[in-house]
Amino acid sequence: MRQLMPDTQQPAFDPNSLAVTLADVQAAAATIRGSVVVTECNQSRTLGAVLGCRAWLKFENLQFTSTFKERGALNRLAALSPEERRRGVIAMSAGNHAQGVAYHARRLGIPAVIVMPIGTPMVKVENTRRLGAEIIISGATLEESGEFTREYGKAHGLILVHPYDDPLVIAGQGTIALEILDAVPYLDTLVVPIGGGGLISGIAVAAKALKPALRIIGVQARLYPSMYNVIKGEQLPMRGDTLAEGIAVKAPGRITTEIIRALVDDIVLVSEDQLEGAVAMLMSIEKTVVEGAGAAGLAALMAAPERFAGRDVGLILTGGNIDTRLIASVLTRELAREGRLTQIALDIVDRPGQLAAVSALLAEAGANIVEVSHQRTFSDLPAKGTLLELVIETRDRAHLDDVMAKLGASGFRAWLPGRR
């Protein structure tokens, strides 16, 4: 194995002291070869132009189960003894690890039980069930699901396939780095989502061994900064529902923390708005469906493009398992942020012709009316007045400002609800 070179920003360390080595990742690549897709790693010239860098996308959302988790799951399952295969396996997962385990367990004839937290997106639950696993819904968080999983597995003699804190799982995820650097050997930065840390740990082990100067930046949702807190000594709160539920982990792994502390250059946090914007941008520009966690890397670039300016940056689109209703909500909200879809309110006189006058004015201004609502009862307007609520489409925020100005100039009192 090539020796790791110490990064100038990190203390020197012995790579052989870590739980996973480059040799382990290379062995995992041989194990999963032919059973896991070698996904495309393509340059996105449009994203690069928008962000001021050269952006390379690794499309792990195009795996059979739409997630990179197949890699680590298969590497772990392949290491089971015949007796362990007969007994079966158990795993806790918010969805993607579940599908990876269920799919390859079925292929290998291994019984599988998957424990999923309450609130796991239904698309992930149903996809896992279709792959033949027994599903148990238990626990409000992944950590609570983990407690149940360990107790249930012990009681039923099942082998635990941990989603991230397992050397074989970590090594399997690290095979992504081998493929990326084979496709783009001059890459200088990798931006990787972090939940429990299995993906970035495996990638860091392989990438830093092959290319010590390569920068590795981890990304977490601001609502769940667990690894960020551990590595940076912070105590930021963890709470709420994040679009990136796949990386909403409150307790990062012991093995992964050790590797990340040694090899990862930095960890950044992204907001829910930034995650939504990244999901929408990937659909708009790349025509690819990516879940919140899978878009975290792009969200980090969008949040601080100056940090990556002029660099060759690799992004892993880790998964595409997102509910269609949620996609619709994300896209609609993004249109609203861009000023292309807006709710406006008008105080009009309650007499015939007023709606027609407003409609004509909006048409003349180039705006399209999507929804119309009259409110006569539940408002604080005079009895002879009516609250007219409209949802309109405009080209952008400047066009919206122009429409609002024309309404005012024509004598209509109009405002954006919440900004009155």
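Predicted model: local features only at pLDDT ≥ 70, side-chain atom pairs only at ≥ 80, totals over all residues.
Reader: Thanks! What does the C-alpha trace span along its principal axes?

Author: About 80 × 50 × 40 Å.

Reader: And how much of the chain is buried?

Author: Of the 420 residues, 56% are buried. Buried means under 20% relative accessible area, exposed means over 50%, and partly exposed is in between, using a 1.4 Å probe and protein chains only.

Reader: What about contacts between residues at least 6 apart in sequence?

Author: Of those, 72% join residues at least 24 apart. A contact here is heavy atoms within 4.5 Å.

Reader: Let's pick a strand residue. Where is Val 89, and is Val 89 buried or exposed?

Author: Val 89 is in strand E3, residues 89-92. It is buried, with a relative accessible area of 0%.

Reader: Which residues is Val 89 in contact with, leaving aside neighbours within four places in sequence?

Author: Among them are Leu 77, Leu 80, Val 101, Ile 110, Val 113, Leu 158 and Val 161.

Reader: Now Val 123. Which helix is Val 123 in?

Author: Helix H6, residues 122-130. Val 123 is partly exposed, at 22% relative accessible area. Beyond its neighbours within four places in sequence, Val 123 is in contact with Asn 321, Ile 322 and Asp 323.

Reader: How far apart are Val 123 and Asp 323?

Author: They are 200 residues apart in sequence, yet 5.7 Å apart in space, C-alpha to C-alpha.

Reader: What counts as a pocket or a cavity?

Author: On a 1 Å grid over the protein atoms alone, a cavity is a set of points where a 1.4 Å probe fits but cannot get out. A pocket is an open set with protein on both sides within 12 Å along at least five of seven lines, and lining residues have an atom within 4 Å of a point. Grid points are joined across faces, edges and corners, and a volume is the space filled by probe spheres set on the points.

Reader: How many cavities of 30 Å³ or more turn up?

Author: The whole structure has 3. The largest cavity holds about 310 Å³, and among its 26 lining residues Phe 68, Lys 69, Gly 195, Gly 246 and Ile 247 lie nearest its centre. Helix H5 (96-108) and helix H9 (198-210) are the elements giving two or more residues to that lining.

Reader: Last one: what is phi of Lys 287?

Author: It is positive, about 55°, although Lys 287 is not a glycine. Lys 287 sits in the loop between helix H12 (272-286) and helix H13 (296-303), and is exposed at 64% relative accessible area.

Conventions:
Residues numbered from 1 in each chain as written. Heavy atoms only, no water. Helix = DSSP H or I, 4+ residues; strand = E, 2+ residues; numbered from the N terminus.
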